[in-house]
Amino acid sequence: MNLPDLQDKADLLYSKALRKSKADHRDMIQCITCPTTLHWKEMECSHFKPRKHKTLRYLGINTQCQCPFCNQRHNDNTEPYMNWILVNLPAGTLTLLNKKMNDDISSLDYRILLDETIKQSKLILK
Ligand SMILES: [Zn+2]
């Protein structure tokens with residue numbers, strides 16, 4: 001499979017696994033940045049640092065569930081998501097994300113990351 005197709009597959013499976021794993025017993029999830037609660041299928045996997053930063057694309061500390069409205073708004077205003085990270089994730093998470101976002105990854109290592117993400121997501125979705 002070529003890299004763009006493999007990435008599409010990893011994106012789909014990772015997003016689905018994240019949203020399903022965050023859902024409660026009624027299959028519902030509350031958005032991290034507003035009171036909206038939706039079925040996991042209507043929620044979105046939101047990236048704090050954009051997906052173009054490949055080493056952060058499938059990293060748990062960079063991906064949370066947001067409603068479509070907040071996920072869209074995050075592009076213009078990152079503060080609500082940033083505040084959520086400060087309150088809910090270990091101290092130093094923002095520094096780590098800022099440091100790692102410029103990391104380079106070779107095509108070979110990226111392919112390995114994609115394979116691992118697909119494998120892990122499938123296990124979570126079992
Ligand atoms: Zn929201």
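These legends describe close-up views of one predicted protein model.

Residues are numbered from 1 along each chain as its sequence is written. Because the model is predicted, local features need pLDDT of at least 70, side-chain atom pairs count only at pLDDT 80 or more, and totals for chains, interfaces and linings use all residues.

View 1. Helices (H or I, at least four residues) and strands (E, at least two) are DSSP runs, numbered from the N terminus. Along the sequence the pattern reads α-β-β-β-β-α-α-α-α.

**View 2. Helix 1 packs against helix 5.** The axes of helix 1 (residues 3–22) and helix 5 (residues 107–125) come within 8 Å and cross at roughly 35°. Axes are lines fitted to C-alpha atoms over the stretch in contact, and angles run from 0 to 180 degrees between N-to-C directions. The crossing is left-handed, meaning that the near helix is turned anticlockwise from the far one by less than a right angle. Residues in contact have C-beta atoms, placed from the backbone, within 7 Å. Helix 1 contributes Leu-6, Ala-10 and Leu-13, among others, and helix 5 contributes residues including Leu-114, Ile-118 and Leu-125. The contact residues divide into 10 nonpolar, 5 polar and 5 charged. Nonpolar means Ala, Val, Leu, Ile, Met, Phe, Trp, Tyr, Cys or Pro; charged means Asp, Glu, Lys or Arg; the others, Gly among them, are polar.

**View 3. The largest nonpolar core holds 15 residues.** Such a core is a set of buried Ala, Val, Leu, Ile, Met, Phe, Trp, Tyr and Cys residues joined through C-beta atoms within 7 Å. Buried means 20 or more other C-beta atoms within 10 Å of a residue's own, exposed 12 or fewer, and partly exposed in between. Ala-10, Tyr-14, Leu-18, Cys-31 and Cys-65 touch the most other members. Helix 1 gives the largest share, 4 residues. Beyond four places in sequence, Tyr-14 is in contact with Cys-45, Tyr-58, Thr-117 and Ser-121.

**View 4. Leu-38 lies in strand 2 (residues 37–39).** Leu-38 is partly exposed, with 18 other C-beta atoms within 10 Å. Leaving out residues up to four places away in sequence, Leu-38 touches Met-28, Ile-29, Met-43 and Cys-67. Leu-38 and Cys-67 are 29 residues apart in sequence, yet 7.5 Å apart in space, C-alpha to C-alpha.

Technical notes. Contact = placed C-beta atoms within 7 Å.
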